[in-house]
Amino acid sequence: MPWMNPLARIRDAWRGQRARDKELRNLVSNLPYEGLDKHKQPNRHFPGNGIKTTKYSILFFLPMNLFEQFHRLANLYFVGLAILNFVPMVQAFEPEVALIPICVILALTALKDAWEDFGRYQSDKELNGLPCFVYSRKKKCYVEKRWKDVRVGDFVKVESNDTVPADLLLLFTSDPNGVCHIETANLDGETNLKQRRAVPGACVTDPEFEPESFTGVVICEKPNINLNHFKCYIEKVDKEKLGAGISNLLLRGCTVRNTGYAIGFVVYAGHETKSMLNNNGPRYKRSRLERRLNVDVIFCILLLVLMCIIGSLGHYLWLESMPGVPLYLVPHGDGHLDTPSLASFYMFFSMIILLQVLIPISLYVSIELVKIGQIFFITNDLDLYDEDTDSRVQCKALNITEDLGQIQFIFSDKTGTLTENKMVFRRCSIMGIEYPHKENAVRLSVLNKRDEDEDVLFSQTPSTKQPWSLDSEEPPEKKSERTSKSKAHSDVAFSSPLETEVIPDQKLLRQLGGTDRTDAYLDFFLALAICNTVVVSMATGKRRRSSVFLQRRQSTPLDTFSSLMKKLGSWTCLRIRSTPDTSPSAQELSGDLTGGQTRHLHVPPRGTTPAVPTDELCYEAESPDEAVLVHTAKAYGFVLLSRTPDSVTVRLPSGAQLRYEVLDTLTFDSTRKRMSVLVRHPISKQCILYTKGADYAIMELLETPHGGKLQTDIASDTQQHLDCYAKDGLRTLCITKKVLSDREYENWAVKRHQALTAMDDREQLIMDSAVTIETDLCLLGATGVEDRLQDNVPDTIMSLREAGIRVWVLTGDKTETAVNIGYACRLLEPDDLLINMSCQNKITCTSTLNCALEEVRRFADDPRNVDTTPDISLVIDGRTLTMVTSPDLRERFVDLAKRCRSVLCCRVTPLQKSHVVKFIREKLKVMTLAVGDGANDVNMIQAADIGVGVCGQEGMQAVMASDFAISRFKHLKKLLLVHGHWCYSRLANMVIYFFYKNAANVNLLFWFQFFCGFTANAMIDHWLMIFFNLIFTSVPPVMFGIMDKDVSAEMLLGLPELYRTGQGKGEYTFFTFWMSMLDAFYQSLVAFFVPYYTYRGSNIDIFSFGTPLNTISLFTILLHLSIEIKAWTFVHVIVIVGSVLLYFGVTLAYGFMYLNYSGFWTLQTQMADPMFYLVCLIATVIALLPRYLFHVLKNSIAPSPIVQARHLDTLEPSARDQWMKEWRSFRGGVQDKTPDESVPPSPSLESLNDDSIMDDEFTLNVITESRHRPGSL
Amino acid sequence: MASSYNAKEEDGHHSGAAGHGGAGADKSRKPDNTAFKQQRLPAWQPILTAGTVLPAFFVIGLIFIPIGIGLYVTSNNIKEFEIDYTGVDSKSECYACARNFSWNSTTPCTCSMNFTLEQPFESNVFMYYGLSNFYQNHRRYVKSRDDSQLNGDPTALKDPSKECEPYRTSEGLPIAPCGAIANSLFNDTLELHYVDSNGTKLEIPLVKKGIAWWTDKHVKFRNPNGNTNLTVAFQGTSKPVNWGKPVYELDPLDPENNGFINEDFIVWMRTAALPTFRKLYRIIQKKSSTTPTLPSGRYILSITYNYPVLSFDGRKRMILSTISWMGGKNPFLGIAYITVGSICFFLGVVLLIIHHKYDNRNTSADIPN
C-alpha cells in the first residue's frame, strides 16, 4: 500500500462511512480504474464480496467469547463470587478452587461456541473460494476469480447452473429477449423458476455485451433486507434514466437456469447482499419454563440471602457470647481480632461463597445440553419423516422444545396446511352456465379409490408423466420408488401427474366447437392461459433434477429453448389422441371432436408418433392455483407455449399460435386479492385486460349494467354457482376481461411509468395504478378448484382437541368454503353449537356477540353440562373479527372465545391472522402455536409462542420464519402429543431435580454452620465439594432430562388427554418447586443429623465426619433421581452406577494421593468401619422414605392419568387397546361418529351412569380430573 | 434405477456448491431406525404402587430391627466413665489451677481428683480427654496449618505457608509446627492411679503409642531429615508461642514419637468435627485374661493443669471407655434402627391395606367387556 497522509486516510474513511450510509448510492464501473491503487477506486467504500460469518477471530476469541458469556447474569454472579473469594477477609475456599466451577462452565460454553464458529469459518472459506468470471479490461475477457475478489462495480458473467456470487444488476443475457431464469431455492426454498430480465436499454452493444461500453452511473438504494424489493435506476451519460427493480436483480445465492449466460453489474457485495442480510442465525426465544425458572432462581437467591443473614447473625451472637478470647480464634496477621459486628459482616459474604451452589450454576449449561439431546431425538423420529419430500422435522429454535408440551391454542392456516395445496380442477361456470365436469370427477374418484388401477394406467402410459413443477420437487429416486412400490400412501395417487390432466366437459367442448357466443368462451380460456405468472420451461432443459421418466425415455441432449421454439413453429397440426386410461366418456368425446377440430387432450403413447412438444412443456407456477388453471386451459386446447416478460405465446385449439404482447402485469397482492395481465391482441391490436381474483374482490368491480340485462344475469348466475362451489369446499376464482381503448391505455401507461420509476412510495403508487385500471370489468366466468385435505387431518385435529388444545383455523377463503372444510377435517362437528358471526356493522355485531354470549352462558350454566367443555364452535369473518377485537367489545369476545372449542376465521388477511394470535395470547395468557405454510402465515408464525412451518407448495418463507418445520400437518400430532409431552415433562422434572439437588447438598453445609460457630467452614474438602456438583451428580440429571420416558409414545398418541398434564402450569409449578425444596431441606436435615447424633461427642475428626455426610448426600440424591426415573434403560443404569463408582474412586484416590489434604486417608478409614455403612444406610432410608411413600400413596390412592396410562402400558397390546377405547369413550367424540349417527355421545357426565362404567373408578377419575382443567383456564 | 441415481448425484453436486445454509444431502435424510434413535430402548418401567413396594417395606423392617437391637445391645455393653476436671466449681480441686492460669508461668499447676469405678472395665480401656465448646472446626483455625511442613518438607519448614499467620514466625524465626492448631496443642498431663483396698496408690501404665492413625503417623507426618537428630533438623525454627518446649522435645525418650510424629500432636492435628469432642489420650492395655484392666474401686486422676478453657466457657473431661466394633458408647444408632424398622413394618401393614382397597383394580388385567 502506498504511503498516504494519515489525515487523508481518516478523511477517506469518514467519506466511506458517509457513502455507505447514504440513502442512495452512486456506483460506476470499475473497469476504467482497473489496476489503480486502492484509494483511487471509486467503489472502495463498499465492502467486497468476501464474507465472514464467524463471530470470533482466533486472536480475539477469548476476550470476545468471555464478553459474550458475561452477558448472562448467572455467569456474572459466579464470577463475582469467585472474585469475592480473593478478598482475604471473606474467603471461604481457597481462591483457586472457587474459580473452578465458573471456569469449567465458561470453558464448556466457549468450546461449544468455538466449534460452531469453526464450522462457520469453514463454510465461509469454501464460499469465498468459489470461482466466478469477472471481466478484466486488460485481458479483454472474463477471467476466473474467486468469489471473495468480486467487488462492487465489477461485471460478472454467470453461466447456466452457476450460482450468482453477489447481487447483480442484470445487464445482458444470452437470451434474445433479455430473460434469465433463476431458481431461488437456496434463498427461500422456492424451486419454481423465476424470470429476471436485463435492464432494457442498458446495453447498446450487439451481439456481445461490451462491459467497457457501460458508462452510466447506477444509482441504487441502501442495502436492505427485503428480498422482493429493489429500487434502482441507471443514469446514462445523456442523463436518460432507466428504471430497474427487483425483476432486474440477480440475488446472491440464486442459481441461473435455462439461460446460456448472464452478465450483471455488481451492486451489492458480500455482507450487503440481500441474501446475507437475510441470513440470521437461529432465533433465540425464551420458553415459558425458562421464564418460570428464572423466577425460581430469584427465590433461590432470596433463600441464599436469608441463610447468609442467619449465618452472619449467628456468628455475631456466637462471638458475643464468648467470655474471653479463646484459643481457637485466630487473630489477623498483626494480632488483632475483628469486632463481632465487623466479623459477622465479613461472614455474610463468606457464607455467600460457601453456599453459592444453592443457585445452580450448571443448570443453564445442563438445560442447553438436554435440549440438544431432545432435538436430536425429535429430528431423528422416523414418524416425523416424510418420504415424499425426504425431509425430517427441522428444529430451528433450539430452546423452546418444552413449550411444545404446553400448547393450549393452535392457530392453523387452511390452504397448504390442512390441505394438500395441490389443486384439482373441478368445475367452472362460463357466462352464467355451469359445467360440472362430471367425467373429470368420476376419473378422480376412481383414481382415489382404486390405487392399483393407477399403477396399471401408469405403466400403460408412461408418456403422460408430466413433470410439472410441483412434482418435480421430489427427488427422482423417490418417484421411481413410488411407482415401483405398491401405493401405500393415498396421497400418491393425488400427487400423480394424472391429476394435472383435466378431462374436458363434453358440453363445454361442444360449446367451444360451436359458433354460439364463442368469443366469451375463447376469452375465458385465454384468460386462464394468459392471466398468470406461470413460467414455461422445457421438461428436458429444465433442470437436472427433473423427472427420471423423462430422462430415461429420452436420451436427446438438452435442447435450447430457442431451437425448440423453432421446432414448435413447424408444428401445425396435432392429432387427437385418447389414451386408454380415459374413461369411456373421454373416448366418446374424442369421437365427438372430429371435423377438423384438433385437440390435444392426452399425449400419444410412446412409439406411435414422435413426441409432441407440448409434452415437454413444464409449467412453473408460483401457486398451484395458477398451475391448475393453465393445465385446464391446456386440456381445452389453449396451450401456453412460452412466456417472456414482453410476450405470451398461446396455441389455440385450431392450432394457430398467437403471440400476445404483454403490456403490463399487475401482480397479485393480498389487499387487491386479484391479478391482471394487460395484453395486446396480435391480430385486432386491441388492448385487453384479463383479471382473475377472489369473487368478492371482482364482483364489486364489474361494469355497470348499461350493457343490458345480460351482464347482471351472468353475474347473479355466476354468483349462485360460486356459492354452490364454496359449499362443496372448492376454491373459487372469477375471470374477467376488459377491453381498453388505445387512448385509455396510453393515459394509464404514463401514470404507470411514473409509478414504476418513483423512488418513494413506489408500492403504493403501483397498487393505485393497478386499481385505477381494474374497473368496469366484464365477467367471463368462474372456476372451482378443489384442494384436498391432507392425510389424517381429521384424526389429528380430533386428537389435538382431545388433548385440550383449542384449534382455530384462520383462512382467507369464503365462509362457506371454510365451514365445509371445517366439517371435513372435523374441526366442526354436526352436533356442535355453531355460532356464526358475520356482521356488516358494529351495532349488529354487538348484539350478535351479546346473543352468542348469552347462549353460551346458558349452555354452560345448565346443570347437566357442569363438567364439560361445551362443544361450541364459532365461525367469524374477517370484518367482524376486526369489530369484535375493538376495545369496547374485546372483553366480551374473549369471554366467548374462551368458551369455544373451535373457531373458524374466514376471509382474514395475514395481518389479521397475527393480530388474532397476539390478541388471544395476551388476553388469555395461554401458550399458542401457529402453523402455516405460506408467506401469508409468516406474521402469525412469528406472533405465536411457537411457530410451525409446513414445507409445502408455496415456498419456504413460512419455514424460514418458523421455529419448527414439518412436512405434513399430521406430524403435528406426534410432535406435540409425544415429543412435546416428553420434552416438557423431562425438562420440568430435571429442572426441579436440579434445584432440589443443589439445595439438598448445600444445606448440609448450612446445618454444619450451627456447630462450627457460623464460621463458613465446610466439613468436606473443597475440591470434593466442587467435584460433587460438577462431576459426580451432573451427568445423571442430564441423562434423565434427555432420555426419561414417563409414558410410551403409543399411549400418548392413543390417549391425547395425557397431554393436558403439561398445559397451563404443568408439572413445573410454584407448588412442585417448593415441595422439592422442602424435601431438600428435610433430606439434608436427615443427612446431617443422623451422622451428627451418631458421632456426637466422639473423637471423630472433621473430614471423617464429612465423609459419611457426603456419601449419604450422594446416595440420597441419586436414589431420589431413581425414584423419579420412569423408564430404566441400560444407559440409566450405567450412568447412575458410574456416578457412584466415580465418587468412590475419585474420593479414594484423592485421600490417597494428596498428602497435603488434611483429610488424608479419610474415606479409606471410614470404609473400614462398619459404622460408616450403617450410618449411610439408615440416613438414606430415612431421607427418602417420605418421597417414596408419597409416590406410592399417590399412585395407589389417587393415580394421575399418567400413572394410569403407565399401568395400561404394561398390559398386553390387545387388552391395552380395549382399555384405551374404554377410556377415550368418555371424552365423547372419539368414536367415529358420522353425521348421520343417531346418538351422538352426550358431553354431560350424566351419560356416564352406565353401571359397569360407574363401578370403574379408575376411568372415571381421569375424566373428572382432566375435565376440571380446561374450565379453570 | 442406476440412471436415476446418477441424475441425483449430479443434482446433489451442484446444490452443494451453492452452499448457502444446508448443502445438498447426498443420501436420503431418513433417520435410522435404531432402538436408540427412535427411543425404543428396552426399558424397565417400575410403577411405585402399594402392591409393588410392599415387600420392600417388610424387608426393610425385618432387616433393620435386628440390626438396631444388635447395635443397642453392643452400645449398652460398653462401659464408659467420664469426669470433668475443669475446675469451674469452687469446690473442685482444680479450681485454683483454672483461675490462676497464665501461659507464661514456669511452675506447672497440678491437681488431682478422686473417683470411683462401680464396675470393672474388662477389656482394653481407652483413655480420652474431652473438650467442650472448643471450636476446633472454626474455619480459620482449621486452615491454620501447613501440611507440607508437617510432612517434613524442608522448604516449608523454613518458610511456612501464609495460612499459618499470625503463628507463622516468631521473633524472625519460622515456627515449627506453625499455625493456630499446633499453637493450641492440648498440653495437660493426665495420670491415673488405682487406690487399692490398702490405700496404696498404684500407677496405672498408660500406653501412648498407637493412638494416632497409622497412615498419619507413617505417611502424612514426617520429621524433616527423617528421625535423625531432631535438634539439628529443627534448627533455625522457633517453637509455637504457647508451647513450653520445642517440638523436638515433645517426647525426648522415644525418637519414634518425637517431633512431628509425636502421636499426641498428630491426634490434636486431626481437628475435631464438632465443638464437643474427645481425643484419644492413652490406652490401658489388658494385662491378663483373668484380671480386669481396671478393677472397680477408687482411683485418683492427677492432672498437670496447663490448658486454659475458661475463656470460652469450655470444659475439660477425662473419659475412660472400653470399645467395641462400633466405637464408643452411643445408643442413638441402635434406637434409630429399631424405630425406622418398626415404622417401615407398620407402613408395610398400612400399604397392605391400601393395596387391598385400591390397588387390585389397577393391576388386574381383566377388561370389562
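Which residue does the side chain of Glu263(B) meet in a salt bridge? In this predicted model, the partner is Lys217(B), and the N to O distance is 3.3 Å. Glu263(B) belongs to helix α10 of chain B and Lys217(B) to helix α8 of chain B, so the pair ties together parts that are 46 residues apart in sequence. Are these two residues buried or exposed? Glu263(B) has a relative accessibility of 3% and therefore counts as buried. Lys217(B), at 7%, counts as buried because buried means under 20% relative accessible area.

Helix α8 of chain B, residues 214-220, also holds Lys220(B). Lys220(B) forms a salt bridge with Asp147(B), with 3.0 Å between the closest N and O atoms. Asp147(B) is in helix α5 (residues 147-150) of chain B, and the pair links distant parts of the chain, 73 residues apart. Both Lys220(B) and Asp147(B) are buried.

Lys208(B) and Asp251(B) form a salt bridge whose closest N and O atoms are 3.3 Å apart. Lys208(B) is partly exposed, with a relative accessible area of 33%, whereas Asp251(B) counts as buried at 4% relative accessibility.

Chain B as a whole is divided into two domains: domain 1 (50-78 + 329-358) and domain 2 (83-323). The C-alpha centres of domain 1 and domain 2 of chain B are 42 Å apart.

Over all chains, the structure holds 45 salt bridges. In chain A, a network of salt bridges links Glu290(A), Lys371(A) and Glu402(A).

Charged residues also gather on the surface of chain A. Arg11(A), Arg15(A), Arg18(A) and Lys22(A) form a positive surface patch. One of them, Arg18(A), is placed in helix α1 (residues 6-21) of chain A. A patch of negative charge on the surface is made up of Asp760(A), Asp761(A), Glu763(A) and Asp768(A). Asp761(A) lies in the loop between α24 (742-757) and α25 (762-773) of chain A, and at 56% relative accessibility Asp761(A) counts as exposed.

Lys139(A) is in the loop between β2 (131-136) and β3 (141-146) of chain A. With a relative accessible area of 59%, Lys139(A) is exposed. Lys139(A) and Asp813(A) are separated by 674 residues in sequence and by 59 Å in space, C-alpha to C-alpha.

Technical notes. Residues numbered from 1 in each chain as written. Chains lettered and ligands numbered in written order. Predicted model: local features only at pLDDT ≥ 70, side-chain atom pairs only at ≥ 80, totals over all residues. Heavy atoms only, no water. Domains from an automatic or database assignment. Patch = residues over 30% accessible without salt bridge, like charges linked within 9 Å, V, L, I, M, F, W, Y side chains within 5 Å. Areas by Shrake-Rupley, 256 points an atom, 1.4 Å probe, with all protein chains shown as cover. Salt bridge = Lys/Arg side-chain N within 4 Å of Asp/Glu carboxyl O. Lys, Arg positive; Asp, Glu negative; His and termini not counted. Charge placed at Lys NZ, Arg CZ, Asp CG, Glu CD. Helix = DSSP H or I, 4+ residues; strand = E, 2+ residues; numbered from the N terminus. Buried < 20%, exposed > 50% of the residue type's maximum accessible area, 1.4 Å probe, protein only.
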